Amino acid sequence: MEFLQQYGFLLATMLQQGLLGLSLYAPLMAGQLSLASPGFYALGGYIAAIMLTNPAFSGWRDALGNGIYPLTWLLSALACALLGVIVGVPALRLRGIYLALATIAFVEILRVLSLNLTITGGAVGLFGIPQPFGFQDRWQYLWLFLPLLILALLFFRQLSNSRTGRAFRAIREDELAADAMGVSPTRYKVLAFVIGAVLAGIVGSMSAPFLNTWNAKQGTFDASVAYLAYVLIGGSRSIWGPLVGGALLSALPEVLRSLSDWRLVINGLVLVVASLYLPQGIVGRLIPKPKPPSRPTPPPINEGPSGPPYTSETL
Amino acid sequence: SPIPIGIAVAQTSNASLFGQEQVIGARLAEKFLNARGGVGGTPIKLVFQDTSGDEAGAINAFQNLISKDNVVGIVGPTLSQQAFSADPIADRAKVPVLGPSNTAKGIPQIGAYISRVSAPVTAIAPNALKQALKINPKIKKVAVLYAQNDAFSTSETGIFQQTAKDLDLNVATVQKFQTTDNDFTTQVTAVLGENVDLVIISGLANDSGNLIKQLRQLGYKGLIVGGNGLNSSSMFPICGQYCDGVIVAQAYSPTQSSAANQLFAREYKAQYKKDPPQFAAQAYTGVQVFVDALKVLDHKKKIADWDLSDLRIALNKQLLIGKYKTPLGDLSFDKDGDIVQQAFYVAQIKMKDTKNGTFVFLK
Amino acid sequence: MELSGFLQNVLNGLAIGSVYAIFALGYTLVFSILGIINFAHSAVFTLGAYFTYTLISGQFENNGLLKGLNVFPNGSPLAGSAWGFALSALIGSLLAGVVGVIIERLAFRPMRSRGADPLLALVSSLGVALVIVNLIQILVGAESYSFPDGIYGNLPPALLFHLGDKVIIIRTVQVIIFAVSMVLLLILGFVIGRTRTGKALRAVAENPGTASLLGISVDRFIIITFFLAGLLGGLAGTLVGSSFGIAGPYFGVTFGLKGLAVIVLGGLGSIPGAVVGGLVIGLAEAFVPAEYSAYKEAVAFALLFIILLVRPQGLLGQARIQKV
Amino acid sequence: MPLLELTNLSVNYGAIQAVRDLSLTVEQGEIVTLIGANGAGKTTTLRAISRMLKAKSGQITFEGHDLLRVTADKVVTYGIAQSPEGRQVLARQSIADNLELGAYIRKDTGGIQADIKQMYERFPRLSERRHQLAGTLSGGEQQMLAIARALMSRPKLLLLDEPSLGLAPIIVLEIFRIIKELNAQGVTILLVEQNARLAMQTSHRTYVMEAGQVTFSGSSAELVGDERVLHAYLGG
Amino acid sequence: MTASLPNKNAAQEAPVLLSVQHLTRRFGGLVAVNDVSFEVRRGEIFGLIGPNGAGKTTLFNLMTGLTPPSSGSLSFGGQMMTGLAPHQIAAEGISRTFQNIRLFGPLSALENVKIAQHTRTRAGLWAGIFGRDKAEERRVTLRAWELLDLVGLSERAGEQAANFSYGDQRRLEIARALATQPRALLLDEPAAGMNTAEKSVLTSFIREVRDRFDLTIMVIEHHVPLVMNLCDRVAVLNFGELIAIGDPASVQRDPKVIEAYLGA
Ligand SMILES: Nc1ncnc2c1ncn2[C@@H]1O[C@H](COP(=O)(O)OP(=O)(O)OP(=O)(O)O)[C@@H](O)[C@H]1O
Ligand SMILES: Nc1ncnc2c1ncn2[C@@H]1O[C@H](COP(=O)(O)OP(=O)(O)OP(=O)(O)O)[C@@H](O)[C@H]1O
Ligand SMILES: [Mg+2]
Ligand SMILES: [Mg+2]
């Protein structure tokens with residue numbers, strides 16, 4: 001218990017950052033270097049913070065009680081999905097660093113907007129955000145982030161073994177060839193982008209009460225770069241990579257706390273050394289080489305679609 | 001064993017410019033107060049936890065201080081936004097917090113355990129404008145500039161603009177900038193285009209230093225009034241000679257005559273060869289307030305005999321009712337925990353050479 | 001808009017833009033050769049400014065381990081004259097170039113030989129930036145430093161032009177920065193665009209394997225690149241520092257994002273692109289009306305977003321070649 | 001002493017051994033052909049010689065230089081040029097620049113220009129398109145460029161990896177004419193080729209590779225008639 | 001298996017499947033494909049030859065939507081294809097291989113072939129997430145293995161495509177193209193990098209594939225004997241223009257073709 005008191009926030013933060021790493025990993029599954037996650041994270045947070053503090057919603061809060069919290073998650077998810085499509089469709093015509101920068105531009109535009117609007121509390125931001133389900137301690141947020149994380153991992157695992165996941169991989173390796181082989185690049189790139197946006201938005205909506213306050217500093221360029229580092233240091237070719245990277249890199253400055261002034265220097269050195277010695281990321285090194293695929297036995301003649309696979313009927 | 005008091009300020013990140021002054025102020029307080037017998041003979045021990053510049057860092061620092069370092073109270077964090085994030089943690093844990101530099105509206109209202117020694121902007125700003133009018137009664141047209149991404153500056157500029165209206169001044173233009181900006185030619189040429197007699201700046205030391213320098217270099221001749229963020233000698237190296245004559249609203253003045261301040265200012269100057277900045281003074285004050293309140297409790301029952309959680313609760317109660325003679329002058333707290341400061345100051349910058357200068361106290 | 005106002009905005013835009021441009025030159029140079037965004041560039045930029053400051057003043061105060069250090073007990077022999085400043089700037093920039101080379105050897109080369117994801121270089125450079133910035137803070141503290149007076153001789157602080165009854169103003173330092181960035185642009189543009197070395201550099205940029213198959217020593221060219229980029233960064237830091245003071249260890253970092261925007265807008269890897277991108281963003285910012293100055297940043301990025309949608313390779317970037 | 005000598009060379013890709021214990025010599029002035037099925041390890045061998053790949057064990061010497069001790073760019077300065085598999089033209093540079101870079105190690109500006117002119121005469125297509133970016137050329141045009149570029153360094157030893165790949169019949173004949181012509185001028189050539197008959201007709205000696213090893217070798221004239229070669233590689 | 005069209009006579013009577021009308025493509029001042037028109041009948045093996053840079057690959061690119069035409073049109077099975085995106089054209093049933101191999105390099109051979117079945121499968125995002133795609137996935141996998149069998153690569157199904165030698169990569173490209181279950185298959189220099197013996201195997205392989213899957217095949221190839229032996233009809237491009245079209249023997253005798261391409 002004492003352990004949770006002291007390190008609960010850190011543990012929850014590790015999961016939270018792992019989730020944000022995953023949100024960046026989603027577009028990367030389709031080869032898209034999008035750094036928009038902090039923007040959606042910030043948006044999700046603002047939606048939650050506004051619904052939880054703005055007098056205009058006091059009726060809702062009274063009526064729904066704790067039910068308001070899931071509602072903030074849902075609304076954040078929807079808003080991020082919508083904005084994801086609006087931004088994604090034009091932006092995903094860009095490639096590589098150009099896309100990265102366009103998405104950073106998106107993050108910056110949102111940041112400047114939130115600095116200037118009254119509903120977002122300007123530079124001070126929103127504060128006094130009530131706690132869900134009577135949470136008293138930060139570690140209790142594990143009850144939110146852990147299930148979300150498990151769901152996200154299941155989601156991504158299933159995804160990567162599915163037809164959609166294959167389409168993502170095809171685009172990641174060679175967009176033009178994927179197109180020629182029948183995979184619509186736009187459709188799947190936008191889908192991957194939106195998945196990341198929704199995840200970041202939900203995490204944001206859970207994080208506003210978690211941090212007690214919300215302001216324009218939540219969605220910045222620095223955060224974009226940090227999430228990217230999570231994915232790359234963790235390993236960009238496995239769902240575990242962003243998670244492990246996010247958890248470890250966000251914990252690192254805390255682990256180094258005793259070094260006081262020197263901790264960020266060491267933190268920097270760790271980043272350099274990790275990049276040099278873990279070129280495939282932490283997870284890339286841990287995960288064993290994939291086993292050679294085993295061949296399924298063909299089904300007996302009378303079960304399912306069978307017979308000669310290629311007939312003009314199946315075309 | 002010594003009594004642990006937590007200092008959670010930004011020792012790293014770009015807020016460390018303030019954080020490092022706060023560390024110095026707190027360290028001086030520790031040294032001094034212990035030299036004068038600490039709390040009834042028991043020395044205090046400051047426990048420093050870096051908050052870095054973000055919200056999560058502040059929460060982590062607070063949690064460490066509360067659960068691991070078992071401090072009796074916390075001075076911190078550096079930024080208002082961090083306070084909104086971390087203070088509720090301490091409040092729920094019933095650990096008294098003194099904000100050394102959180103000036104945004106609503107901070108003492110976070111909870112019963114949250115107080116601050118940094119005066120809110122409302123109190124300080126108007127004086128400076130009145131001083132400017134005293135110096136040049138013919139002022140009619142003013143320009144207002146402020147750092148739009150800084151919580152403190154945005155609220156301060158509101159006060160400035162309101163006061164200007166109340167004084168029948170004509171606010172010809174309002175220009176915004178970012179604390180990270182370096183180049184202000186656009187804002188400056190806009191100001192020059194309006195032919196104003198007074199420029200009012202709310203920002204932090206670096207950006208304001210550059211802004212003032214560029215205003216002067218490009219030919220602005222009139223008076224300049226700066227908000228509380230300019231109350232820092234770290235501005236001098238940036239604007240050099242051009243700082244000369246700037247009128248600054250202050251929550252702290254090195255010239256303040258109280259004994260506490262004279263002692264503090266002398267020691268600071270001996271070590272650092274310049275006047276103590278406000279951030280150091282406020283951090284010093286934070287520590288001192290805790291120590292003074294602890295002394296009262298110690299009279300009732302030796303600190304060592306208190307149960308920690310009882311002590312924290314009692315400390316908070318005591319802290320709020322006490323009166324303190326500090327480098328900031330005499331102060332006490334209102335029922336929310338907001339500072340009631342007896343004196344505010346207006347000073348004018350006098351540069352000795354390109355790097356060194358002083359804030360000359362204006363009556 | 002009145003003519004004078006318009007001209008003043010143009011001058012302001014060019015002034016801001018040339019700072020962005022001079023920062024971006026070394027940034028884009030590294031990108032053009034290695035295809036990586038080198039976040040450590042901001043740190044080298046900062047470091048260059050500190051190097052020059054040390055040479056010309058040698059005073060560090062208050063905080064940090066070097067507190068009270070006096071490199072030149074009787075005052076720097078270089079202080080007080082334009083020549084002294086030029087010399088310090090030169091040495092400071094050369095030192096920054098050396099730092100660039102060290103960074104390459106320690107933080108990038110091992111990665112290349114391991115065939116790591118090029119994006120990982122971004123993380124590594126981020127780590128280097130973190131190390132440098134925090135080391136600076138530990139050594140000399142977070143406060144600002146500025147160069148002594150007289151570094152530009154007796155030039156007036158600002159130049160005034162009269163246009164009818166209106167005055168158009170520009171700071172002299174800005175003119176110098178603009179001029180230097182143009183000269184650097186010309187030199188770099190010539191070397192890279194016209195000479196054999198430039199062609200070889202571009203070959204290394206495009207495909208190091210093929211380049212070495214032609215007898216080009218890839219490692220040597222990469223070292224040269226990093227040296228040049230460091231030197232340019234250091235010089236830029238010095239000049240910008242002389243204009244705005246060195247605003248602490250994070251001085252350069254604040255240019256990181258804008259610099260990235262500039263080189264992407266100009267077209268990654270294009271040297272003239274870095275300059276054009278800088279000037280375009282500077283001008284765009286200058287022309288944002290005062291009422292909307294709060295949205296200045298957003299305007300610059302919105303412009304960037306739109307330009308990229310129209311020209312996905314940036315203003316002067318080469319379109320991707322994709323022959324099926 | 002042979003000009004090029006490979007002794008017990010082994011090359012791995014991770015755990016996969018693509019070339020094992022391969023020994024091969026090329027004498028000064030020879031044309032030597034290397035044939036073998038897809039995946040036999042021909043390309044791997046050439047890439048090991050030009051130091052684009054690390055050798056696991058064995059030795060490669062060229063004119064007494066131990067090639068395994070130097071980097072790829074150094075190998076070129078010894079006088080070895082390669083026209084690689086997959087062409088590897090510099091897509092973002094023009095034909096002219098690609099050719100110039102082919103002569104990167106040379107300093108004789110006049111000679112380089114003369115050679116470029118000669119390449120244009122040999123391959124009129126390249127001449128017509130000299131300012132076109134190499135990346136937009138057709139496959140065959142790129143192949144011509146890759147060969148021409150390799151010639152630009154005036155090598156003593158030329159490594160050609162399937163030079164006829166993707167070329168129209170007329171051009172294939174031209175390439176083989178050039179090979180003979182260069183050889184007559186003293187250039188030594190190691191040729192990997194799927195058009196085995198033509199290659200063997202052009203070369204002095206032939207090595208046959210299977211699964212990373214040399215299975216047999218001999219004079220080209222003899223091997224053309226060899227039952228095993230005929231069957232496996234000449235479609236006879 | 002449906003009745004195949006094994007002999008040339010049958011092919012000549014078969015309906016037109018692909019019809020290219022006045023296709024033109026310019027690159028700056030260069031006309032890479034110049035007003036080319038021809039028709040390909042269902043079940044035909046149709047050769048496309050011509051000197052380097054004649055515009056053959058560009059023509060394939062136009063037909064598969066990778067390069068938009070400057071003018072002209074393509075119809076396929078009576079339907080207009082012009083303006084469709086590559087993946088839509090693939091879904092309609094035109095598939096291809098690339099002259100400059102474009103496999104999904106880091107992915108396994110098996111995965112390469114599975115991906116290409118995209119348009120022939122339906123499972124959406126949620127079906128995949130909730131595991132309601134098992135039957136389809138099984139079918140996809142089985143089919144992928146069969147296709148690897150067909151090109152002789154099933155023993156190396158798990159290896160990364162990029163690690164295959166050049167010739168093997170070409171085979172994998174063919175398997176991948178077949179996996180889209182096309183009606184028309186465009187092969188761009190399929191025999192490049194294969195030796196003479198392998199080329200003759202490839203010839204019979206292409207025929208077999210045509211028969212087995214009821215395909216119409218267009219093939220670009222520089223190896224003249226292979227073209228002459230394999231193709232029902234041959235078209236010749238030179239500087240973007242169609243200079244000859246007809247059965248192999250007559251094309252081979254055409255003086256224009258001899259001059260531009262074959263050499264004396
Ligand atoms: N990058 C690589 N990683 C792993 N294995 C590789 C790699 N490149 C080639 N191989 C393997 O090494 C073996 C030899 O390949 P190589 O390319 O040398 O053959 P080759 O004789 O040139 O064939 P081809 O005639 O098809 O070009 C093959 O089995 C191939 O799969
Ligand atoms: N994107 C482009 N920009 C400029 N020119 C191009 C472009 N793509 C192709 N070309 C030119 O168009 C012509 C036709 O190219 P294409 O690739 O179709 O030739 P090809 O007939 O396939 O030749 P090969 O047999 O050598 O493969 C070539 O001369 C080529 O240089
Ligand atoms: Mg090969
Ligand atoms: Mg072609």
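Trainee: Let's open with chain C: of its 324 residues, what percentage counts as buried?
Mentor: Buried means under 20% relative accessible area, exposed means over 50%, and partly exposed lies in between, using a 1.4 Å probe and protein chains only. By that rule, the buried part of chain C comes to 62%.

Trainee: Before we go on, what kind of model is this?
Mentor: Residues are numbered from 1 along each chain as its sequence is written, while chains are lettered from A and ligands numbered from 1 in the order in which they are written. Side-chain values use heavy atoms, without hydrogens and water; local features need pLDDT of at least 70, side-chain atom pairs count only at pLDDT 80 or more, and totals for chains, interfaces and linings use all residues, as the model is predicted.

Trainee: How many helices and how many strands does chain C have?
Mentor: Helices (H or I, at least four residues) and strands (E, at least two) are DSSP runs, numbered from the N terminus. Along the sequence, chain C reads α-α-α-α-β-β-α-α-α-α-α-α-α. That gives eleven helices and two strands.

Trainee: What radius of gyration does chain C have, and how does that fit a compact globule?
Mentor: The radius is taken over C-alpha atoms, and the globule rule is 2.2 Å times the number of residues to the power 0.38. Along the principal axes, the C-alpha atoms fill a box of roughly 60 × 55 × 35 Å. For 324 residues the rule predicts a value near 20 Å, and chain C agrees at 20 Å.

Trainee: How far apart are the centres of the positive and negative side chains in chain C?
Mentor: Lys and Arg count as positive and Asp and Glu as negative, leaving out His and the chain ends. Each charge is placed at NZ of Lys, CZ of Arg, CG of Asp or CD of Glu. Chain C has 17 positive and 12 negative side chains, with centres separated by 16 Å.

Trainee: And what is that separation in chain E?
Mentor: Chain E carries 28 positive and 27 negative side chains. The centres of these two sets are apart by 4 Å.

Trainee: Which pair of chains shares the most contacts?
Mentor: A contact means heavy atoms within 4.5 Å. Chains A and D do not touch, their nearest C-alpha atoms being 12 Å apart, and chains B and E do not touch either, at 33 Å. Of the seven pairs in contact, the one with the most contacts is A and E.

Trainee: Which residues of chain E coordinate the magnesium ion (ligand 4)?
Mentor: Donors are N, O and S atoms within 2.8 Å of the metal (3.2 Å for Na, K and Ca), and water is not among the atoms, so sites may look incomplete. Here the distances run from 1.9 to 2.1 Å, and both residues are buried. The donor atoms are OG1 and OE1, from E:Thr57 and E:Gln99.

Trainee: Why does that pair tie together separate parts of the chain, and how far apart in sequence are they?
Mentor: E:Thr57 lies in helix H2 (residues 56–63), whereas E:Gln99 is in the loop between strand E6 (94–96) and helix H4 (109–115), so the parts they join are separated in sequence by 42 residues.
The loop between E6 and H4 also holds E:Asn100, whose relative accessibility is 21%, making it partly exposed. Back to the pair itself: the sequence gap is 42 residues.

Trainee: Which residues of chains C and D does E:Asn100 touch?
Mentor: Residues up to four places away in sequence are not counted. What remains is C:Lys323, C:Val324 and D:Arg87.

Trainee: Is D:Arg154, with its positive phi, buried or exposed?
Mentor: D:Arg154 has phi near 50 degrees and sits in the loop between helix H6 (139–151) and strand E7 (157–161) of chain D. With a relative accessible area of 53%, D:Arg154 is exposed.
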